[in-house]
Amino acid sequence: MIKSLKIKNFKSIYNITVKFNPIFNVIIGENNIGKTTLFEAILLWKMCYDGTIKKSKKGFYAQAHNLLFRDMEHIRVYQDMDLFPHNYSKKDAEAEITLEIEYNGISYRLGFRLEKVDSMDDAYYQTKYIDYSEFEKFAEMVNSIPGKNLSNFIMISETRPIANIIAKEPYMYKAQVMDKIAKGKGYEVLRNKIKDNILNVQEHINNVMGKDYQIVEKQKDDKTYISIKVDGKNIFSYGSGFLQLAEIFSSLEYVEPEIYLLLIDEPDSHLHAKLQRRLINELRTLTNSQLLIISHNDRFLKELDEEEILFMTESAKENGIVDHLPAGYKGIVLENLVGDLEDVEKLRNARKLILVEGVGDIDFLDTMCPKYEEYANVSFPMKIVVKMDGIDTLNAKLITYSRALKGIIPTNCKWLLIRDTDCVPCNKKESAGNVDKKNVDTSGAEFKVFFQNGYGIESTFAAEPDKLAKLLCSYYSLENSEDVVENIIMETNAEYFNKVKDVLNVEVHQELEKHYKRQKEARSGKIYDNLQFTDMLKEISATNIQYIMTKPIMDRYLESLHAGIVNNFSNISAVKLDHRTIFTYYYQQISCLDDMFESHKALLQEIYRD
């Protein structure tokens, strides 16, 4: 993998080291901060690398070859001095680019120094090795791998947003295609890349688009131009979103080096918001490449983990290092990144800061808050919701947020943390809440912790058998049957109480214990240090079975309820619910406050309490 990139005196960057995640990296930052410059530095390094490989592909020339200025077409330079900081004189024009490559636990720092030629302008750059011995060690390692050489061991290419492709694309040899890819012109050979990997490219695109496109190569007897059809239509006629995906995935499937770094500029630029999450998930499945992505889209960024985000700022450039975001920083960074004056004013005028665990909580509030405002006739315009991405290391995240927000939100802004109960025993909630709040500086403002009435928000449905019976009767179209369905629920609750007490039960007891162990290992504080799984089980009964309902157990619970209803009623055509679809149906059925579960109303009342 590419472990790091070090740049000195290249364009707007004086001295910086960028540390990479082994698989997925997304660069964010303001316009003109230097994000694209990182791409250009990497591509320029690859030009230097390719130019110094001997014809045998087994070693490097003793002297690095010079680069012709006219070959710099993929670097944004009009004159040769544009490659260096604007305030540099010709005699100071010297840049360095080093990639640290790690393979089998050993690092190789391969660096090049580029200098302007004093005697003439816009002719060529003199190129030198920073440390030739590193190149020798690297070549020795590559040559020890059967079938690999310095040319096919490492591949770096770039893909950019494309609005269309050329109408007629000739068949090309692989070397020609690889040359286009290396120069960032993969879109000019899109059909060549697709034709040898049709099924794989088709699968990737379908996974992102949620469609069932059929991609085929037509007229194979015509060896002049390639004809690629998608559902019977020429690929040329498809829109920019489809072509963008085809460009990304065809490049990823076309090459098979040991190390492949793909640079992707704005992969989400032509995609609808709902497809951006799918794109991220699909890119994460790729194991044959390392991705470096530029994005300005907040929807895209919200789907990322902090360890996948590289935040490039002026202070980072001044300090000389760009690293991944620390835990707890993503929400604040995204507010600043997305924030215009209006967003900043929202933070500055916030009356309540609401902290939630994840996407499910956000979806719940986005759907339920408008309904509650309408039916309860309330409003709270100055509330800010921040997603915490789980509660592991929660206290540390809260401390980070309080420090980052200090001086931004008003000192009287109330804090409300909405969290799952998870592995906390019912009789330890208050103590756990105090641990969450420890050392969190809210400038003296109220800070309240609200625990969901269940293991997680989805398990709250199991907390109210009467409400759940009413909801299930509506879902299964059962009239005047709420008592019967509620009895099925009570019997199922008793069944799951017995299962969770049975140490040999895999689907409930052992499933819950597995979740308990994971959470306990990730947390600290005396509540968790001395906590035992039996402490949690002691507080469970058939009447509060919601506190064992992890998502997998909740799915099994709803499946058991489905089986009970099918056994007691005839002509049941509805499919079983799960922890996601029950929310979808529940939201559709709410037409007044009485349709809401009491635990949900209690949460909303707390949110809207001034």
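## Working through sheets and helices

Glu134 lies in helix H2. Keep in mind that the model is predicted.

### Exercise 1: a glutamate on H2

Task: work out whether Glu134 is buried or exposed, and which residues Glu134 touches.

Solution. 
- Start with the accessibility: the relative value for Glu134 is 11%. The cut-off for buried is under 20%, so Glu134 counts as buried.
- Next, look for contacts, leaving out residues up to four places away in sequence. What remains is Ser107, Tyr108, Arg109 and Leu110.
- Now place those partners. Strand S6 spans 106–116, and helix H2 (residues 132–143) lies across S5, S6 and S7. Relative to S6, H2 runs at about 135 degrees.

### Exercise 2: the mixed sheet

Task: find the strand order of the sheet with mixed pairing, and say which strands stand at its edges.

Solution. 
- Read off the order: S4-S7-S6-S5-S1-S2-S15, seven strands in an open sheet.
- Zoom in on one pair. Strand S1 (residues 2–10) and strand S2 (residues 13–19) run antiparallel and are joined by six bridges. Ser4, for instance, has Lys19 in S2 as its bridge partner.
- H1 lies across S1, S2, S4, S5, S6 and S7, and runs at about 100 degrees to S1.

### Exercise 3: the parallel sheet

Task: how many strands form the open sheet with parallel pairing, and in what order?

Solution. 
- There are five strands, ordered S8-S12-S13-S3-S14.
- The edges are S8 and strand S14 (309–311), each of which pairs on one side only.
- On average, neighbouring strands here are turned by 20 degrees against each other, direction ignored.
- Helix H1 (residues 35–51) packs on this sheet too, touching S3, S8, S12 and S13. The direction of H1 makes about 140 degrees with that of S8.
- Helix H6 (residues 240–254) lies across S8, S12 and S13, at about 170 degrees to S12.

A quick reminder on pairing: strands of a sheet pair through backbone hydrogen bonds, either parallel or antiparallel.

### Exercise 4: strand S12 and its neighbours

Task: which strands pair with S12, and how many of the residues of S12 are buried?

Solution. 
- On one hand there is strand S8 (residues 154–159), parallel to S12 and joined to it by six bridges. Glu158 stands opposite Leu263, and Thr159 stands opposite Ile264.
- Then comes strand S13 (residues 290–294), which pairs with S12 in the parallel sense over five bridges. Leu263 turns up again here, with Leu292 in S13 as its bridge partner.
- Now the burial count: seven of the seven residues of S12 (residues 259–265) are buried, so the strand is largely enclosed by the rest of the structure.

### Exercise 5: strand S16

Solution. 
- Take Leu355 to begin with: it stands opposite Val386 in S17. Five bridges join S16 to strand S17 (residues 383–387), and the two run parallel.
- For Ile354, the bridge partner is Leu416 in S18. S16 and strand S18 (residues 414–419) also pair in the parallel sense, over four bridges.
- As for burial, five of the five residues of S16 (residues 352–356) are buried. Lys352, Ile354 and Val356 sit on one side, with Leu353 and Leu355 on the other.

### Exercise 6: a helix pair

Task: at what angle do H17 and H20 pack, and which residues meet?

Solution. 
- Helix H17 (residues 506–522) and helix H20 (residues 551–568) pack at an angle of about 160 degrees, with their axes 9 Å apart.
- That makes H17 roughly antiparallel to H20, since angles over 145 fall in that class.
- The handedness of the crossing is left-handed.
- From H17 come Glu507, Val508, Glu511, Leu512 and His515, which meet Pro552, Ile553 and Arg556 of H20. Sorted by class, the contact has four nonpolar, one polar and three charged residues.

Key:
Residues numbered from 1 in each chain as written. Predicted model: local features only at pLDDT ≥ 70, side-chain atom pairs only at ≥ 80, totals over all residues. Heavy atoms only, no water. Axes fitted to C-alpha atoms, helices over the stretch in contact; angles between N-to-C directions. Parallel < 35°, antiparallel > 145°, perpendicular 65-115°, else oblique. Left-handed = near helix turned anticlockwise from the far one by under 90°. Contact = heavy atoms within 4.5 Å. Nonpolar A, V, L, I, M, F, W, Y, C, P; charged D, E, K, R; others polar. Buried < 20%, exposed > 50% of the residue type's maximum accessible area, 1.4 Å probe, protein only. Pairing = 2+ DSSP bridges.
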